[in-house]
Amino acid sequence: MARDLDPTDASELTTTDTWRALAAHYDTLRDVHLRELFAQDRGRASRLTVEADGLLVDFSKNRITEQTLTLLIALARERRLSSRIDAMFRGEAINVTENRPVLHTALRLPRDRSLIVQGTDVAAEVHRVLERAYRFAHDVRRGNWLGYSDRPVRTVVNLGIGGSDLGPAMAYDALAAYRDAGLECHFVSNIDGADIAGLLPRVDPETTLFVVASKTFTTLETLTNARTARAWLVERAGSERAVPRHFVALSTNGAEVAQFGIDPTNMFDLWDWVGGRYSLDSAIGLSLMIAIGPDHFEAMLAGFHAMDEHFRTAPFERNLPVLLGLIGIWYGNFFGTQTHAVLPYAQELHRFPAYLQQLDMESNGKSVTADGSAVTYATGPVVWGTSGTNGQHAYFQLLHQGTRLIPADFIGFARSNFPLGDHHDLLTANLFAQTEALAFGHDGPEGEPFRLFEGNRPSSTLLAGQLTPFVLGQLVALYEHKVFTQGWIWGLNSFDQWGVELGKVLAGRIAAELQTDSEPPSSHDSSTNELINWYRRHR
């Protein structure tokens with residue numbers, strides 16, 4: 001029986017009997033080809049496929065056996081994953097470095113549910129804000145929200161960065177089929193002036209609403225863009241009085257919001273127990289809510305909640321996030337893979353890999369455990385990908401014949417939201433063909449080794465009936481909980497992001513130095529000092 005491990009103690013991870021058994025098992029399996037695994041087991045595909053609420057995941061083209069999964073699940077149990085899942089859903093302060101609960105799952109609790117954390121019904125607070133946001137979205141969609149010239153808003157510009165941009169922007173494209181054709185949304189995130197300068201000439205100041213998404217209302221990139229948008233609006237409207245009719249805020253900082261000129265009644269609350277990368281289903285999704293309507297937003301929340309319940313209750317042997325997470329550990333910690341590709345065969349999901357980059361790499365891109373110990377094993381992978389079939393004409397050469405082993409997730413749908421001739425059949429044929437070719441390869445003609453496909457390249461295939469708001473919620477929650485599973489087993493705190501702070505501090509200091517020529521900089525390393533000098537001379 002596994003020893004009861006301290007929840008934050010990762011020092012034991014690689015010395016446990018289960019880890020050693022996995023290492024020994026890897027030695028027996030590392031050279032076995034997928035062709036052989038399929039030939040030995042005619043029922044492999046059906047046994048290594050799991051379906052939950054209409055979302056199917058085929059794990060069979062991975063370099064695993066049922067013994068692999070048995071050992072990986074034993075590792076999860078040894079690391080007391082179940083207790084940590086329960087702790088998160090109960091609202092315990094599992095974000096130990098910031099002493100906070102992790103309550104993104106509360107953002108999608110149904111109205112008839114409650115969750116009491118430290119004496120507060122968190123679910124009731126969430127629905128209070130959601131109802132305000134829904135009323136606001138209805139006002140905009142019905143033409144009741146008027147700009148300074150009494151014309152209705154028809155354009156929404158989301159000003160945010162990180163989770164305040166990647167989530168809403170991804171979902172806006174993913175749910176294109178559900179958008180109101182009479183409204184358009186744009187997303188500005190980069191502090192590079194080219195981002196907002198390229199947009200402002202294309203929108204009408206009389207009918208444009210800016211949604212400033214910043215929890216603290218101090219985020220450098222977001223507030224810089226917001227001030228630029230404010231100045232542009234005031235110049236064209238001829239009065240500061242236009243600001244409250246064209247700006248709303250997603251924030252916790254009422255004082256700064258009011259100082260900016262936004263009516264605090266048009267500020268939608270956030271909470272410190274939701275990290276930006278987990279905030280799509282909060283008020284951060286206001287732009288999306290306006291675009292697709294509250295009913296479709298609610299359907300997306302229902303998809304999130306369905307996956308939450310699956311993760312919370314399904315046995316590990318049939319638990320999609322747990323299985324995806326464990327298989328990722330198998331590749332990263334035993335095969336030594338360093339990257340993971342996510343390849344959606346749906347153009348609407350072209351931003352999904354970028355969204356997952358932040359979710360995964362900001363959560364588990366860490367070399368220190370939650371108790372402050374240095375890790376001695378690989379943690380989070382580099383996550384990347386693009387929509388199919390575009391990637392096939394870019395980097396699939398490396399996937400098939402390169403020297404690096406890259407596990408991949410292929411995502412597809414039985415029906416298209418934009419049916420057009422045989423496009424969708426051809427798209428799906430490419431998806432299935434790529435997973436088959438990666439797994440089984442092909443013997444090239446004798447004497448032509450450049451046409452040899454060795455195969456044995458692993459992939460998982462995720463399929464759903466159609467890309468609906470519900471299914472999008474399922475997919476996002478699936479990867480959220482996969483990341484949680486891996487982070488917990490590695491002993492990490494997946495819910496802080498101290499690694500982004502140092503660059504922010506240094507940038508503030510350097511920005512002041514770039515704006516003066518009074519004296520040469522000397523407080524940095526010689527390279528940075530010289531780069532600052534070069535910039536001053538050439539700007």
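Predicted model: local features only at pLDDT ≥ 70, side-chain atom pairs only at ≥ 80, totals over all residues.
Q: Is Asn456 buried or exposed?
A: A residue is called buried when its relative accessible area is under 20%. Asn456 has 9% relative accessibility and therefore counts as buried.

Q: How should I read the buried residues of helix H5?
A: An α-helix has 3.6 residues a turn, so residues three or four places apart point the same way. In helix H5 (residues 81-90) the buried residues are Leu81, Arg84, Ile85, Ala87, Met88 and Phe89.

Q: In what order do the strands of the five-stranded open sheet lie, and which are its edge strands?
A: Strands of a sheet pair through backbone hydrogen bonds, either parallel or antiparallel. Here five strands form an open sheet in the order E6-E5-E7-E8-E9, and the pairing is parallel. The edge strands are strand E6 (184-188) and strand E9 (267-268), each of which pairs on one side only.

Q: How many bridges join E5 to E6, and which residue stands opposite Val157?
A: Five bridges join strand E5 (residues 155-159) to E6, and the two run parallel; across this pairing, Val157 stands opposite His186 in E6. E6 is also mostly covered, since four of its five residues are buried.

Q: How many bridges join E7 to E8, and what is the bridge partner of Phe210?
A: Strand E7 (residues 208-213) is joined to strand E8 (residues 247-250) by four bridges, with the two strands running parallel, and the bridge partner of Phe210 in E8 is Phe247.

Q: Where does the chain hold a cis peptide bond between Gly388 and Thr389, in terms of the elements around Thr389?
A: The peptide bond from Gly388 to Thr389 is cis, with omega near 10°, and Thr389 is found in the loop between strand E11 (382-384) and helix H16 (396-401).

Q: Is Gln515 buried or exposed, and how far is it from Arg536?
A: Gln515 is found in the loop between helix H19 (501-514) and helix H20 (526-538), and at 65% relative accessibility Gln515 counts as exposed. Gln515 and Arg536 are 21 residues apart in sequence, and their C-alpha atoms are 8.1 Å apart in space.

Q: What does the radius of gyration say about the whole chain?
A: For 539 residues, a compact globule would have a radius of gyration near 24 Å, and the protein chain has 25 Å, which agrees. Buried residues make up 54% of the chain, and among contacts between residues at least 6 apart in sequence, 73% join residues at least 24 apart.

Notes: Residues numbered from 1 in each chain as written. Heavy atoms only, no water. Rg over C-alpha atoms; globule rule 2.2 N^0.38 Å. Buried < 20%, exposed > 50% of the residue type's maximum accessible area, 1.4 Å probe, protein only. Contact = heavy atoms within 4.5 Å. Pairing = 2+ DSSP bridges.
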